[in-house]
Amino acid sequence: MSDKNLIIENAQVLKADGTVEETDILITGDKISKIGKVEKSGNATKIDGRGKFAVPGFVNAHTHASMTLLRSYSDDKPLMDWLQKDIWPIEEKMTAQDLYNGAALAAVEMIKSGTTAFADMYGPYMEEVAKVVEISGLRGILSRGLIGLFDGDKKLETNVELYKNWHGKADGRITVMFGPHAIYTCPPDYLKKVAAAAGRLGAEIHIHMNETRTEINDCIKNYGKRPFEVVEETGLFDCGTLAAHCVWIDDKEIEIIRKKNIRVAHNPGSNMKLASGIAPLKKLFENNVVVGVGTDGASSNNNLDVLEEIRLGSFLEKVSTLDLLAVPTFEALKMGTEYGAKAVGLHDTGKIEEGYKADIVLWDMSGVEWQPCYNPISLLVYSANSSSVDTVIVDGKILMEKRELKTLDEEKIIAEFKKSVNSLTGL
Ligand code: NI
């Protein structure tokens with residue numbers, strides 16, 4: 001965190017109630033200490049906010065950062081074929097250095113597209129992703145992806161180690177969760193073990209749920225019940241849960257989600273690209289479920305752009321329900337900010353409000369896509385793209401200013417990334 005005061009002057013500030021006001025933001029240490037004109041600035045660092053839209057940093061509520069290594073490696077295959085024939089075999093070959101290089105490239109992509117926090121599930125070597133979080137200045141909610149079908153206990157132990165070594169580290173920017181991959185890779189007895197281990201540490205859970213119809217049918221065939229019912233019986237949901245996808249859920253499962261306060265990561269881009277289906281967003285909102293958006297990994301999306309997910313999530317729900325108010329504009333944006341933060345378990349980020357963490361992105365409103373400016377929220381959600389991201393602040397520290405990265409060396413990161421790609425695939 002920064003120990004110096006920072007002032008963003010004369011920006012168009014998006015407030016928590018959805019109003020936009022031209023004013024200043026005073027940042028003291030890692031927190032927003034004032035929204036309003038700052039008369040005495042002392043020796044604070046100043047950022048000229050004129051012509052900039054100050055918006056809470058985006059939260060990517062579900063991704064696999066190091067999968068940037070596999071972007072465009074295998075597309076247009078059914079989920080199980082894609083995982084079993086293409087993805088898992090090459091993931092077996094990945095070294096700790098590869099995971100680091102993949103996550104570092106992802107960090108560059110995330111910062112440049114206005115993301116300040118990401119919930120990641122991958123592994124082994126998740127400590128490498130933690131190192132990237134530490135160096136980049138981003139906020140990371142990290143879990144070791146656990147596949148219980150083989151060597152499950154050993155993998156579970158690495159998640160315990162990750163928690164002990166990294167939870168609360170990087171000035172509190174790292175949260176460690178447990179990451180049982182999915183019901184089709186983690187049998188109920190294994191999920192019970194994960195629940196016990198996470199419960200002992202007070203850690204939460206990040207899991208894929210109900211992504212495809214095949215997954216539901218297999219679960220009913222194997223266990224006689226739907227996935228949320230099977231998992232509920234293991235006690236896993238009692239830890240506090242972030243559930244990704246939640247595409248094929250029935251009313252009984254929505255009731256479990258509601259009852260257990262499960263937060264959902266909606267992944268419209270991945271769900272559309274993999275032809276998985278359409279998550280019932282409006283129904284989840286009607287049941288007061290917290291829904292954030294996630295990109296999923298770069299091999300099933302194929303980028304890490306949260307703004308795209310906000311727009312896709314909004315459009316997909318409008319067209320699938322034929323209700324143009326299914327996701328109003330500001331609600332759509334909040335899936336990437338306030339709701340996203342809640343979804344990943346961050347309670348003092350996601351809003352520009354006094355006392356909240358200073359995770360703020362300044363969007364440059366000078367480009368053609370911002371003209372004319374009747375409504376900046378509408379322009380951001382429906383018109384802008386990530387090339388307008390100008391300045392990124394996390395915990396009061398500047399990670400990018402006027403599109404210049406301050407914590408990461410992009411050129412070097414791309415060069416190292418290419419070495420990893422070459423050693424894995426020969427490309
Ligand atoms: Ni995923």
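**Close-up views of a predicted model**

**View 1. Charged side chains across the protein.** The protein carries 50 positive and 62 negative side chains, and the centres of these two sets lie 2 Å apart. Please keep in mind throughout that this is a predicted model. The accessible surface of the protein comes to about 16700 Å², and carbon and sulfur atoms account for 50% of that area.

**View 2. The whole fold.** Here we step back to take in 16 helices and 17 strands. With a radius of gyration of 21 Å, close to the 22 Å that the globule rule gives for 427 residues, the protein is as compact as a globular protein of that length. The C-alpha trace spans about 65 × 50 × 40 Å along its principal axes. Of the 427 residues, 60% count as buried. Among contacts between residues at least 6 apart in sequence, 72% join residues at least 24 apart.

**View 3. The largest nonpolar core and another one apart from it.** The largest nonpolar core has 110 residues, and Phe53, Phe178, Phe228, Leu333, Trp363 and Leu380 are those with the most contacts inside it. Helix H2 (residues 96–112) gives the most to this core, contributing nine residues.

**View 4. Helix H8 and its surroundings.** Six of the eight residues of helix H8 (residues 227–234) are buried, so this helix is largely enclosed by the rest of the structure. The buried residues are Pro227, Phe228, Glu229, Val230, Val231 and Thr234. They pack against helix H6 (188–201), strand E10 (205–209), helix H7 (213–223) and helix H9 (251–259). Following H8 comes Gly235, which has a positive phi, near 85°.

**View 5. A closer look at Phe228.** Phe228 is one of the buried residues of H8, and it is also among the residues with the most contacts inside the largest nonpolar core. Leaving aside its neighbours within four places in sequence, Phe228 is in contact with Met209, Asn210, Phe237, Cys246, Ile249, Glu253, Ile256, Ile257 and Ile262.

**View 6. Gln371 in its loop.** Gln371 sits in the loop between strand E14 (360–364) and helix H15 (376–382). This residue is partly exposed, with a relative accessible area of 45%. Beyond its neighbours within four places in sequence, Gln371 is in contact with Met365 and Ser366. The C-alpha atoms of Gln371 and Ile90 are separated by 46 Å, and these two residues are 281 residues apart along the chain.

Notes
Residues are numbered from 1 along each chain as its sequence is written. This is a predicted model: local features need pLDDT of at least 70, side-chain atom pairs count only at pLDDT 80 or more; totals for chains, interfaces and linings use all residues. Side-chain values use heavy atoms; hydrogens and water are left out. Helices (H or I, at least four residues) and strands (E, at least two) are DSSP runs, numbered from the N terminus. The radius of gyration is taken over C-alpha atoms; the globule rule is 2.2 Å times the number of residues to the power 0.38. Buried means under 20% relative accessible area, exposed over 50%, partly exposed in between (1.4 Å probe, protein chains only). Contact means heavy atoms within 4.5 Å. Accessible areas come from the Shrake-Rupley method with a 1.4 Å probe; for residues, only the protein chains shown count as cover. Lys and Arg count as positive and Asp and Glu as negative; His and the chain ends are not counted. The place of a charge is taken as NZ of Lys, CZ of Arg, CG of Asp or CD of Glu. A nonpolar core is a set of buried Ala, Val, Leu, Ile, Met, Phe, Trp, Tyr and Cys residues joined through side-chain atoms within 4.5 Å.
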